[in-house]
Amino acid sequence: MSEDKKKRKREKKEKKNKGPEGAGPTNPEPAPIVSTGVADQVEKKNDEDSQRAKKKAKISHVSPIAQPMGDKKLTKKVLKLNKEAAKEKALKRGVKEVVKAIRKREKGICVIAGDISPIDVITHIPILCEEAGIPYIYVPDKEELGLSSGCKRPTSVVLVVPKDSLKGKMKEVSDAIEAVPKPWLKAN
């Protein structure tokens, strides 16, 4: 190869790496990322803030007719019972299955998600529960209810059916649900 050809090839390579005039090389090596303690702390704080915002958003989507709503402690208890009942195969999931069980006079504890839309889908369930004498409680999140029920899908309502292994825990949760004040039964 002649010197002229070598020179042109070299110039072509340089021009290719240079890109548009004055732009410098097109594939510069990225600068190494140096982590500082302050930046990590700010990032952690932002993550915590976003998690808090998500929790507030979940609570803000709860229907106003979702009463009596369990507080954090009671919700945790109910979801824990729900998880254990799922392992024991003592659950009825979904509106259709729960309504059928209540009409067949099955007893248990009814757990209803408060963030169902449209709310009309589940408005008749508390009435059925009261007529059948079944304690019921609303929880804020349908996703959590679904996960504690042992399925990946969000669940609108669950009926925990009594089994011998769950009797004690069901009694404890049932008493806690009965202790929750009912807003429509205000004392005059």
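Mentor: A helix axis is a line fitted to C-alpha atoms over the stretch in contact, and angles run from 0 to 180 degrees between N-to-C directions. Keep that in mind for this predicted model. The axes of α4 (residues 95-103) and α5 (residues 125-132) come within 10 Å and cross at roughly 20 degrees.

Trainee: What makes α4 and α5 roughly parallel?

Mentor: The crossing angle is roughly 20 degrees. Angles under 35 degrees count as roughly parallel, so α4 is roughly parallel to α5. The crossing of α4 past α5 is left-handed.

Trainee: Which residues meet where α4 faces α5?

Mentor: From α4, V95, V99, I102 and R103. From α5, I125, L128, C129 and A132.

Trainee: How do you know what classes of residue make up the contact of α4 with α5?

Mentor: Sort them by class. Val, Ile, Leu, Cys and Ala count as nonpolar, while Arg counts as charged. The contact therefore has seven nonpolar residues, no polar ones and one charged. R103 in α4 is the charged one.

Trainee: Now the rings. Why is the pair of Y136 and Y138 called edge-to-face?

Mentor: Take the distance, then the angle. The centres of Y136 and Y138 lie 6.4 Å apart. The cut-off is within 6.5 Å, so the rings pair. The planes make an angle of 80 degrees. Over 60 counts as edge-to-face, so that is the name for Y136 and Y138. By this rule the count is one aromatic pair.

Trainee: Are Y136 and Y138 buried or exposed?

Mentor: Both Y136 and Y138 are buried.

Trainee: Why is S148 called buried?

Mentor: The relative accessible area of S148 is 7%. Buried means under 20%, so S148 qualifies. S148 lies in helix α6 (residues 142-148).

Trainee: Which residues does S148 contact, leaving aside neighbours within four places in sequence?

Mentor: L79, N82, K83 and A86. For the chain as a whole, 33% of the 188 residues count as buried.

Trainee: What makes K89 exposed?

Mentor: K89 has a relative accessible area of 71%. Exposed means over 50%, so K89 passes. R105 passes too, because its value is 59%.

Trainee: How many helices and strands does the chain have, and in what pattern?

Mentor: Seven helices and four strands. Along the sequence they read α-α-α-β-α-β-α-β-α-β-α.

Trainee: How do contacts in the chain divide by separation in sequence?

Mentor: Take contacts between residues at least 6 apart in sequence. Of these, 80% join residues at least 24 apart.

Terms used:
Residues numbered from 1 in each chain as written. Predicted model: local features only at pLDDT ≥ 70, side-chain atom pairs only at ≥ 80, totals over all residues. Heavy atoms only, no water. Phe/Tyr/Trp six-rings, centres within 6.5 Å; stacked < 30°, edge-to-face > 60°. Buried < 20%, exposed > 50% of the residue type's maximum accessible area, 1.4 Å probe, protein only. Helix = DSSP H or I, 4+ residues; strand = E, 2+ residues; numbered from the N terminus. Parallel < 35°, antiparallel > 145°, perpendicular 65-115°, else oblique. Left-handed = near helix turned anticlockwise from the far one by under 90°. Contact = heavy atoms within 4.5 Å.
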